[in-house]
Amino acid sequence: MTAHIVPLTQRAAWKALEAHYPKIRELHLRKLFVDDPKRGERMTAEALGIYFDYSKNRLTDETLKLLLQLAEESGLRSRIDAMFRGEKINVTEQRAVLHVALRAPKGQTIVVDGEDVVPQVHAVLDKMADFSRRVRGGEWKGHTGKPIRNVINVGIGGSDLGPVMAYEALRHYSQRDLTFRFVSNIDGTDFAEATRDLDAAETLFIISSKTFTTLETMTNAHTARVWALKTLKHHTAVAKHFVAVSTNSEEVAKFGIDTTNMFQFWDWVGGRYSMDSAIGLSTMIAIGPEHFRAMLDGFHQMDEHFRTAPFERNLPVLMGLLAVWYNNFFGAQTVAVLPYEKYLKRFPAYLQQLTMESNGKHVTLDGTEVNYETGPIFWGEPGTNGQHSFYQLIHQGTKFIPCDFIAFAQPLNPLGHHHDVLIANALAQAEALAFGKTSQEVQAEGTPSWLVPHRTFEGNRPSNTILLERLTPTALGKLVALYEHSVFTQGAIWQIDSFDQWGVELGKVLAQRIIPELTVQTESQLKHDSSTNTLIRIYRKLKEASA
């Protein structure tokens, strides 16, 4: 499928962008806005209730034209079509990439290996909905007959980051007499603090692991089993207090979970793209099946927009192209995601896995070493907290950091004029980053000459502003899919596999070797490098001292 694609740096549009970049490099946003008074109205795109302002980016119409040409030359359209057709575009694992099927409406057809997967998806959604209603309504009883009041999701990576982000983002819509906790880290503190104040008789564990063998998840799951049975005494209690999201029914049954309470997902769903599958069971219990389906509808709307909209008006494509522009021509190492919405406090952390696990690759689809930068580092915190933390570096530091500002016109918790102040800050920060404050302007304020350099803002720091009406389940679905497809766009241009993650495997393998070596004293077993061997010995010594 990709054999006909010319290597990135040999594409005509890439070479044209290389020639074009020096003209843009020193061009200031102040001049761009003065020369084009309508720029702030013109360089925007609107779709699905999302207003996307990209006017404060360091580009001209010519830049945009060349970036769109690069998308065409990179085969982005055919790659989008291949994904939606269910082709195995995850080439290293020979898998289809069909998170879009998780939110496809009934009646749509998406075929994998000759089978329409949409009916399977909806069968699982219906099963999740039935279970969620029983838990939410108190019909599902624990071993002692008490209703469930606490739900703990046990997973890691995509089996944790998606559910915890969605729960925090949609907490406004959650059932408040239920408590939700999330355990992911193998550090015992994570489990201990999650369960410290809970009654096992009222607690349900959702164990989320595709294989039911993931080291961190299953270590925590077995600890949860011990914790629950310490109170509930009999092993038959496991069936009432544990459910599984997995594909391995044999291991699920061995653990003691009734396989009728196992919720399926598929190998064409990558972990970081799975929050809208059965991995989202905790989300559905929290917000209810109707709100969960509304979130899926938001995802699907963005999927269809990405699939059908012309690239020049396609929100994920435009975002992805801007990311490539800064990553590959300006040398930007990071992107700051700055949601001016407290409920989105875990959104930057969620995007870290989505973006960096997807595009942190050093070879192309055919295994050739890349000779250009791929995935940038994503990070961020909600406004206005971040303003009093790291914004100083973005404004006046030496690092070049493009920013995404995310804001909503209507607050979920109206309180005086809080929301107007919040949004004023978001707009002001984007304005200040773009235009700064010249030394002449600082001098005109009567600032002493020695202080002028310290109070001068260079500006010309680019940003996108993403404005929506209100944070609803539907809006969250649109927002997550927007970033999913932006990541896809970047990966298609870089000609890498955005859907495998071999980089997480090596450390896992080595950890399995080291685990027994931390307790067994036989020196002959230590066959690592001198640093690792010494650290193991020091750990043993310190562990013995504490014992």
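**Figure 1. Helix 17 and the second largest pocket.** The largest share of this pocket's lining, three residues, comes from helix 17, which runs over residues 418–435. Keep in mind as you look around that this is a predicted model. The second largest pocket has a volume of about 400 Å³. Its lining is made of 17 residues, and the ones nearest its centre are E341, K342, Y343, N413 and L422. What kinds of residues line the second largest pocket? Sorted by class, they come out as six nonpolar, six polar and five charged.

**Figure 2. A look into the largest pocket.** Here we move to the largest pocket, with a volume of about 1000 Å³. Its lining takes in 42 residues, and if you want to find the centre, look for G271, E357, Q501, V504 and K508, which are the closest to it. Which elements give two or more residues to this lining? They are helix 7 (158–169), helix 9 (215–232), helix 15 (347–359) and helix 21 (505–517). Helix 7 gives the largest share, with four residues. As for the classes in the lining of the largest pocket, you can count 13 nonpolar, 18 polar and eleven charged residues.

**Figure 3. Y483 and the largest nonpolar core.** The largest nonpolar core has 126 residues, and W268, F347 and Y483 touch the most other members. Helix 20, covering residues 473–494, hands this core its largest share, twelve residues. Now zoom in on Y483. Leaving out residues up to four places away in sequence, what does Y483 touch? The list is M319, V337, F347, L351, L354, F378, D404, I406 and I466.

**Figure 4. A second core.** There is also a second, separate core, this one of 26 residues.

Figure 5. How many cavities of 30 Å³ or more does the structure hold? There are three. The one shown here is the largest cavity, with a volume of about 190 Å³. It is lined by 21 residues, and M319, A323, V335, D404 and N464 are the closest to its centre. Two or more lining residues come from each of these elements: helix 14 (315–330), strand 10 (334–339), strand 12 (403–408), strand 13 (463–468) and helix 20. Helix 14 provides the largest share, five residues. The lining of the largest cavity has twelve nonpolar residues, eight polar ones and one charged one.

**Figure 6. Stepping back to the protein as a whole.** After all those close-ups, here is the setting they sit in. The protein has 22 helices and 13 strands. Its C-alpha atoms fill a box of roughly 75 × 65 × 60 Å along the principal axes. Why does the overall size agree with a compact globule? Because a compact globule with 547 residues would have a radius of gyration near 24 Å, and the protein has 25 Å, the two agree. Of the 547 residues, 53% are buried. Finally, take the contacts between residues at least 6 apart in sequence: 74% of them join residues at least 24 apart.

Terms used
Residues numbered from 1 in each chain as written. Predicted model: local features only at pLDDT ≥ 70, side-chain atom pairs only at ≥ 80, totals over all residues. Heavy atoms only, no water. 1 Å grid on protein atoms, 1.4 Å probe; cavity = no way out; pocket = protein on both sides within 12 Å on 5 of 7 lines; lining within 4 Å. Points joined across faces, edges and corners; volume = space filled by probe spheres on them. Nonpolar A, V, L, I, M, F, W, Y, C, P; charged D, E, K, R; others polar. Core = buried A, V, L, I, M, F, W, Y, C linked by side-chain atoms within 4.5 Å. Buried < 20%, exposed > 50% of the residue type's maximum accessible area, 1.4 Å probe, protein only. Contact = heavy atoms within 4.5 Å. Rg over C-alpha atoms; globule rule 2.2 N^0.38 Å.
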